[in-house]
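Here is a short report for a reader new to this structure. Look at the model first, then follow the sections below.

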Amino acid sequence: MRFGYFDDKAREYVITTPKTPYPWINYLGSENFFALVSHRAGGYCFYRDARLRRLMRYRYNNVPTDVGGRYFYINDGGEVWNPSFAPTNTALDAFECRHGLGYTRITGERKGVRASLLMLVPQGHTAEIHQLTLKNNSEQAKDLKVFSLIEWCLWNAYDDMTNYQRNFSTGEVEVEKNGATLYHKTEYRERRDHYAFYNVNAAVAGYDTDRESFLGLYNEWGEPQVPAAGKSSNSVASGWQPIASHGLDVKLAPGEEKTFVFTLGYIEVPREQKWAQPGIINKKPAHELIAKFSKPEQVDAAMKALADHWSKLLSNYSIESSDEKLNRTVNIWNPYQCMVTFNMSRSASYFETGIGRGMGFRDSNQDLLGFVHLVPERARERIIDIASTQFPDGSAYHQYQPLTKRGNNDVGSGFNDDPLWLIFGVAAYIRETGDYGILDEQVPFDNDPKTAVPLFEHLKRSFHHVLNNLGPHGLPLIGRADWNDCLNLNCFSETPDESFQTTGNRTGRTAESVFIAGMFVGVAPDYAYLAEKKGFADEAKKARAEAAKMTDVVLKDGWDGEWFLRAYDFFGKKIGTKDNTEAQIFIEPQGFCVMAGIGVEGGQAKKALDSVKERLDTKYGIVLNNPPYTKYHVEIGEITSYPPGYKENAGIFCHNNPWIIIAETVIGRGDRAFEYWKKIAPAYLEEQSEIHRLEPYVYAQMIAGKDAVRHGEAKNSWLTGTAAWNFVAISHYLLGVRPDFEGLRVHPCMGGEVGKFTVTRKCRGAEYRIHVKNSGKGGVPKLVVDGKPVAGDLVPYAKAGSTVIVECEV
Ligand code: BGC
Ligand code: NOJ
């Protein structure tokens, strides 16, 4: 069942009912000011850090779900309703929510009044704009009482949720222009040099800044007393819960339309200029910001700038084919989600509270794969930030904090795949840009400037960290965990509330990871190539030799007969073998070993992928392991804490399905690869939204597996490595256009049903138009570049500014 439709021309998803199976959200903002907005106007905004500079309050896990947002209450002849349906839930005659790239427009209509609410964060500004257009489509004159409402968060979102003994006494506001501008200045009197405001570009009939006065102490958000009375109470908050609400009297003749612009802004003031007068905040910067958005034409211009910004970004990779679902995913929604993961990492979504995790070392490098072609200069900066948190021995903090860019001591290190992801990220960046200079960039260890060395040296330490930490079979030691955060082989936890990932209470050097081995073999050629470029021929030779050695080890001690083993545990027992009763096979090593080319010649790769098909594939995607763990195993860790079919315990991890998809293309099975992709690609799941439940325009991290009670139900949409990996799978491998060190590689391996398609790729300043005649059979393509046949699959990089035409038959 569908709950809306794609409007590809407008680059929007249009939700046609407020009653979607879960809140379907969007993100506003791309620089410093960000907002989450659901199709019911729920959500919140923050400046840079979702925990430390939260502007609007949001209660997770609330009843009903998704309350708290930007609400406009309309009192029409005594009846109160919202264009966003929530929170009054008053029936609407029409409803529509259009989530677009960086903006959302919600329109509700009741008894002849049409109210359209456009929300966006204008580029370059620290503000959320709410433009409300009211139109009287009825035959009668309307005398509407309209009330805006937002609730302020007292900045630190964690403290705001927990420290009531203090917070109920600290709230402070100021009121200006009879209530047209309402300021939130809690803690400004002491250490904060920032405040927020909510303004409307019209004369108001009244205002409210105190929640209890607006709602009533025992009222729900859907039964607020001020809108019901049709009159603001001009309340001035003192402690408790400050809000901002404007009261507007809006008279509309039949056919008449009026537009109001509300600006919700964030202001930082230099400390010495904080006060206009004792106790009165300096409002000058707020006035300047307000003046930029006081007219609808200014909002139109901001919308135009946003659209141009996205057109430019998206033009770096686009496709034309007969499959509209494929087109919209590649051209619009997948890159859009990749940019959101770039901005948010794993901080704020409807599954991540914005008060928890910092930026992951592994996550950030993976995310980079999806956004490097969109914002290469920002990818460069990100790489330097990440590498600066590495330790001298090559290991890495698992997370770092975006505001300070420092490694996070609470989470610590010891995830032994982390170092290799840095090589992954840097190689992807150089492939895209050709900027080998980044390897000479001086980068410190653990943010200590005295330790700075060229970035290449960081890669070297990463590579050698694996070699310095091999276990009894010569496979890499797993440490606290590898990619699978929940396979905790050195943590034997019997105590509730103990973190599986930070409780490394075993220090043995036995637990080994076949996944890291595959990864090591996979990145070795890139590392060797970069070493050679830097003139370290011996190092390159060594890297290749070590990779060959590791390949042999994997084929000997990492092979189970029909598939690759997953790991050896603390006691040296095999994990992911037919000899066990639970978790006989895992997805990760099958994907990573085959991507690395292990067993491609000897037939093991094909066998492993056939085993995946037989044992892990389901109608909704490929599960992580099978059979699931049914009991808690103290020596295996968090994975066994999940009920069968959920998350890492046999859930469909959409993040590592693309590894199998890519692996299938490595052995030339494009049809199967495309089939797998369609099972998890959101646009293809639109028709089953009642089962899948999450947004049909973005990937979710996990879909419940075949052993779960709710097979097919997704969780954790938006902020997941799934976005980047699927973009790589579809654009680099299925459609087959990927930048390489020496040229653009064109090697499609796409399902035959797609037939002809054209990819337009901008890279290093040139544009490539690649027309593919795709039979679906795979194999080495026949290329004609600007009229001349070229052997192999590499199109040499052209001069910046040129356009290259490629004909490809495969
Ligand atoms: C989740 C993992 C996640 C980890 C982060 C676990 O509970 O299952 O997916 O990576 O927490 O710490
Ligand atoms: C989510 C984490 O963000 C990611 O780093 C990890 O690899 C997966 N979970 C699997 O555990």
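Strands β35 and β36 (residues 700-703) pair in the antiparallel sense, over two bridges. Within this pairing, Ile-652 has Ile-703 of β36 as its bridge partner. This is a predicted model.

The two strands belong to an open sheet of three strands, in the order β35-β36-β37, with antiparallel pairing. Its edges are β35 (652-653) and β37 (714-717). Each edge strand has a single partner, so one side of each is left without a neighbour in the sheet. Strands of a sheet pair through backbone hydrogen bonds, either parallel or antiparallel.

## Salt bridges across the chain

The whole structure holds 66 salt bridges. One of them joins the side chains of Arg-57 and Glu-151, at 2.9 Å from N to O. This pair links distant parts of the chain, 94 residues apart. Arg-57 sits in the loop between β6 (54-56) and β7 (71-76), while Glu-151 is in strand β13 (residues 142-155). Both Arg-57 and Glu-151 are buried. They also take part in a network of salt bridges with Arg-59, Asp-160 and Arg-211.

A salt bridge also joins Asp-435 and Arg-380, at 2.7 Å from N to O. This pair links distant parts of the chain too, 55 residues apart. Asp-435 lies in the loop between α10 (418-433) and β26 (442-445), and Arg-380 lies in helix α9 (residues 376-387). The relative accessible area of Arg-380 is 22%, so this residue is partly exposed.

The side chains of Arg-672 and Glu-664 meet in a salt bridge of 3.7 Å, N to O. Is Glu-664 buried or exposed? Glu-664 counts as buried because its relative accessibility is 0%. Arg-672 has a relative accessible area of 24%, so it is partly exposed.

Which residues make the nonpolar surface patch? They are Tyr-158, Met-161, Tyr-164, Phe-168 and Trp-240. The patch covers about 500 Å².

Trp-240 is placed in the loop between α4 (225-229) and β18 (242-252). At 45% relative accessibility, Trp-240 counts as partly exposed.

## Around ligand 2

The residues around ligand 2 include Arg-357, Trp-483, Asn-484, Glu-648, Phe-653 and Gln-701. Arg-362, Asp-363 and Asp-485 are also around this ligand. A polar side-chain atom of Arg-362 lies 2.8 Å from an oxygen atom of ligand 2. For a polar side-chain atom of Asp-363, the distance to a ligand oxygen is 2.6 Å. Asp-485 comes in through its backbone: a polar backbone atom is 3.0 Å from an oxygen atom of the ligand. On its own, ligand 2 has 300 Å² of accessible area, and the protein covers 93% of that.

## Around ligand 1

Ligand 1 has Arg-357, Cys-486, Gln-501, Glu-638, Tyr-642 and Gln-701 among the residues around it.

How far does a polar side-chain atom of Asp-485 lie from an oxygen atom of ligand 1, and what is the value? The distance is 2.6 Å. For Lys-647, a polar side-chain atom lies 3.1 Å from an oxygen atom of the ligand. An N or O atom in the side chain of Glu-648 is 2.6 Å from an oxygen atom of ligand 1. The protein covers 76% of the 310 Å² of accessible area that ligand 1 has on its own.

Terms used:
Residues are numbered from 1 along each chain as its sequence is written. Chains are lettered from A and ligands numbered from 1 in the order in which they are written. This is a predicted model: local features need pLDDT of at least 70, side-chain atom pairs count only at pLDDT 80 or more; totals for chains, interfaces and linings use all residues. Side-chain values use heavy atoms; hydrogens and water are left out. Two strands pair if DSSP finds at least two bridges between them. Helices (H or I, at least four residues) and strands (E, at least two) are DSSP runs, numbered from the N terminus. A salt bridge is a side-chain nitrogen of Lys or Arg within 4 Å of a carboxyl oxygen of Asp or Glu. Buried means under 20% relative accessible area, exposed over 50%, partly exposed in between (1.4 Å probe, protein chains only). Patches are made of residues with over 30% relative accessible area and no salt bridge: like charges are joined within 9 Å, nonpolar side chains (Val, Leu, Ile, Met, Phe, Trp, Tyr) within 5 Å. Accessible areas come from the Shrake-Rupley method with a 1.4 Å probe; for residues, only the protein chains shown count as cover. A residue is near a molecule or strand if one of its heavy atoms lies within 4 Å of it. A polar contact is a pair of N or O atoms within 3.5 Å; within protein, one must be able to donate a hydrogen and the other to accept it, and residues adjacent in sequence count only if both atoms are side-chain atoms.
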